[in-house]
Amino acid sequence: MITLGEFLGSYFLWRDPMIVGAAAGAICGLLGVYVVLRRIIFVSAALTQVSSFGVALSFYIEGLGLGALSAAVHPFALSIGLTAAAAVFFALKKDYSRISREGIIGFGFLIASAAVVILGDRITKGSHDIASILFGSAVVVDPADVYIIPGIAMAAGAVLLFYMKDFIFVSFDEESARLFKYPVGALNAGLMVMIAIVAAAATRALGALPVFAFLALPPLAALYFTERLKLAFILSAAMGVLSAVLGYFFSFILSLPTGASMAMCACLFFIAGLLWREVRKRV
């Protein structure tokens with residue numbers, strides 16, 4: 001086990017992953033409040049898997065040796081494109097031939113997950129790459145992600161702040177929003193695409209497991225801790241950051257899988273929120 005002094009002395013190793021993880025945890029925590037309020041947690045799970053499929057598909061095409069085509073299919077671009085398309089599809093409330101919307105989301109999650117595993121068996125880079133995509137191995141990150149992930153987080157945060165009242169109104173009472181002539185369809189699609197872009201970028205950098213955990217568990221915990229919505233946003237973002245930072249810290253000093261360590265820290269915050277709610281009920 002590495003001591004705290006050794007950890008601090010190795011800042012050049014963990015500085016970049018910490019920055020990327022903290023930025024991803026913060027914006028996923030903010031967006032996750034909308035995910036929970038709209039009861040679309042499994043949509044976020046499906047989107048992270050579609051994002052993983054995009055990255056895996058890019059690796060597979062690269063391995064085919066198709067020259068310029070292989071070079072043109074960048075993991076980041078393909079992942080965002082497929083995830084955004086899936087987000088728009090999930091945002092459309094259509095009749096799926098008597099199949100429930102939850103069934104369609106479940107189908108999307110399962111087919112994307114199966115495709116990732118199948119492609120992983122065919123990728124020449126090896127199964128380690130697919131394990132990293134699915135479960136996260138942010139021991140090191142692409143230097144470009146130190147700028148890309150915080151940049152996306154700040155842009156998404158600015159949009160959320162500017163349209164906060166609109167998103168909240170549509171999330172809580174869509175029928176009233178329609179009566180007041182709000183662009184409900186555009187707001188729903190915009191929010192889903194924003195979740196998709198954040199999920200795709202963060203999944204490529206950290207893995208699907210921690211990103212899904214950041215989108216689901218900190219907001220659930222925050223809503224257990226408080227009924228004040230603005231405070232819930234702040235708490236969720238803070239717990240997302242702490243889940244990423246503490247998860248990376250424990251993975252570094254205890255030699256644990258990084259993505260699983262981040263997800264476990266998010267689980268601990270969720271358990272704390274659940275316990276707090278039970279204590280308040282008894283007081």
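This is a predicted model: local features need pLDDT of at least 70, side-chain atom pairs count only at pLDDT 80 or more; totals for chains, interfaces and linings use all residues.

Colleague: Noted. How many helices and strands does the protein chain have?

Modeller: There are 14 helices and 0 strands in the protein chain. Read from the N terminus, the elements go α-α-α-α-α-α-α-α-α-α-α-α-α-α.

Colleague: And what share of the residues is buried?

Modeller: Of the 283 residues in the protein chain, 48% are buried. The accessible surface is about 14,100 Å², and carbon and sulfur atoms account for 70% of that.

Colleague: What about contacts, how many join residues at least 24 apart?

Modeller: That would be 78%, counting contacts between residues at least 6 apart in sequence.

Colleague: Switching to the surface. Which residues make the nonpolar patch?

Modeller: Leu242, Leu246, Phe250, Leu254 and Leu256 make it, and the patch covers about 370 Å². Leu242 sits in helix H13, which spans residues 229–254.

Colleague: Is Leu242 exposed or partly exposed, and why?

Modeller: Leu242 counts as partly exposed because its relative accessibility is 38%. The exposed label needs over 50%.

Colleague: OK, backbone now. Which residues other than glycine have a positive phi?

Modeller: Lys181 is one of them, with phi near 65°. Ser255 is another, with phi near 55°.

Colleague: Why flag those at all?

Modeller: Because most residues other than glycine have a negative phi.

Colleague: Since you brought up H14, how many residues does H14 have, and how far does it reach?

Modeller: H14 has 25 residues and reaches 37 Å from its first C-alpha to its last. That is close to the 36 Å expected at 1.5 Å a residue.

Colleague: Last one: which residues of H14 are buried?

Modeller: The buried ones in H14 are Thr258, Gly259, Ser261, Met262, Ala263, Cys265, Ala266, Phe269 and Gly273.

Definitions and conventions: Residues are numbered from 1 along each chain as its sequence is written. Side-chain values use heavy atoms; hydrogens and water are left out. Patches are made of residues with over 30% relative accessible area and no salt bridge: like charges are joined within 9 Å, nonpolar side chains (Val, Leu, Ile, Met, Phe, Trp, Tyr) within 5 Å. Accessible areas come from the Shrake-Rupley method with a 1.4 Å probe; for residues, only the protein chains shown count as cover. A salt bridge is a side-chain nitrogen of Lys or Arg within 4 Å of a carboxyl oxygen of Asp or Glu. Helices (H or I, at least four residues) and strands (E, at least two) are DSSP runs, numbered from the N terminus. Buried means under 20% relative accessible area, exposed over 50%, partly exposed in between (1.4 Å probe, protein chains only). The expected span of a helix is 1.5 Å times one less than its number of residues. Contact means heavy atoms within 4.5 Å.
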